[in-house]
Amino acid sequence: MIWDTAALGGRERYQLLTSLVVPRPIAWVSTRSPERRRNLAPFSYFAAVASTPFLVSVSIGSRGGVEKDTLRNIRQTGAFCVNLATEPQLVPMNESAGEYGPDVDEFERAGLASANAESVDAPYVADCPAVLECRLFKVVELEGGPNTLVIGEVLRVRLADDIPLIPGTLYADTTALRPVGRLWGDLYATIGDMPALKRPSV
Ligand SMILES: Cc1cc2nc3c(=O)[nH]c(=O)nc-3n(C[C@H](O)[C@H](O)[C@H](O)COP(=O)(O)O)c2cc1C
């Protein structure tokens, strides 16, 4: 099977992309509106971009031609937190994904406690074991479609004390972290086998 993507409709392109680029980590993004209301929503068009500077990106679509609350808040405050979604948080993560209006506080909706980031003006999920406090680095408008790429510079990383580090490093223990990835539709992936491979030395 071969497809020229230009000949496909938007839904078909979405189906191919989201079922082939898997699993995608989930940035559970928390922001504050200019009116100080908390906002929380998951985004799986999420990637590590660079470690120096320390950058991550999230691609945010629009809803009926209108910017999603997350994007509007980030533009206005220049701040967001990426809560890295883990297995114990699958249900509240999904609850926060409803297409609620800007007047809805998804922390309240999902029964989650928040705390305030220290380096940027955004809340984070208090019980999330790994949180990246981000300052807006760049907004890239993606011409030809509804998505906007938001690049954030991570100013501070918060890791729960019960997630061990590999001794002598800042590698967080993946088995303890239990991250989840998004597949397609309603499907998610958890960490399975972790094969280790030494790279060839030349
Ligand atoms: C697991 C998951 C991943 C999602 N990933 C994205 C994404 O990458 N980009 C996007 O625009 N919406 C994504 N969504 C949908 C948003 O979470 C949803 O539109 C949400 O209501 C946006 O909230 P907001 O208006 O408060 O920003 C995803 C939903 C789920 C459940």
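Predicted model: local features only at pLDDT ≥ 70, side-chain atom pairs only at ≥ 80, totals over all residues.
## A first look at this model

- Strand 13 (residues 180-182) pairs with strand 14 in the antiparallel sense, over three bridges.
- Both belong to an open sheet of three strands, with antiparallel pairing and the order 1-13-14.
- At the edges lie strand 1 (24-25) and strand 14 (188-190), each of which pairs on one side only.

- Strand 5 (residues 54-60) contains Ser57.
- Ser57 counts as buried because its relative accessible area is 7%, under the 20% limit.
- Beyond its neighbours within four places in sequence, Ser57 is in contact with Tyr45, Phe46, Ala47, Val49, Leu149, Val150 and Ile151.

**Helix 2**
- In helix 2 (residues 69-77), the buried residues are Asp69, Thr70, Leu71, Asn73 and Ile74.

**The nonpolar cores**
- The largest nonpolar core holds 18 residues, and Trp28, Leu40, Cys81, Leu112, Val120 and Val125 have the most contacts inside it.
- At least two residues of this core come from each of strand 8 (79-84) and strand 10 (123-125).
- A second, separate core has 16 residues, including Val56, Ile74, Cys134 and Val154.
- Val120, leaving aside neighbours within four places in sequence, is in contact with Ala79, Phe80, Cys81, Glu133, Cys134, Arg135 and Leu155.

Key. Residues numbered from 1 in each chain as written. Heavy atoms only, no water. Pairing = 2+ DSSP bridges. Helix = DSSP H or I, 4+ residues; strand = E, 2+ residues; numbered from the N terminus. Buried < 20%, exposed > 50% of the residue type's maximum accessible area, 1.4 Å probe, protein only. Contact = heavy atoms within 4.5 Å. Core = buried A, V, L, I, M, F, W, Y, C linked by side-chain atoms within 4.5 Å.
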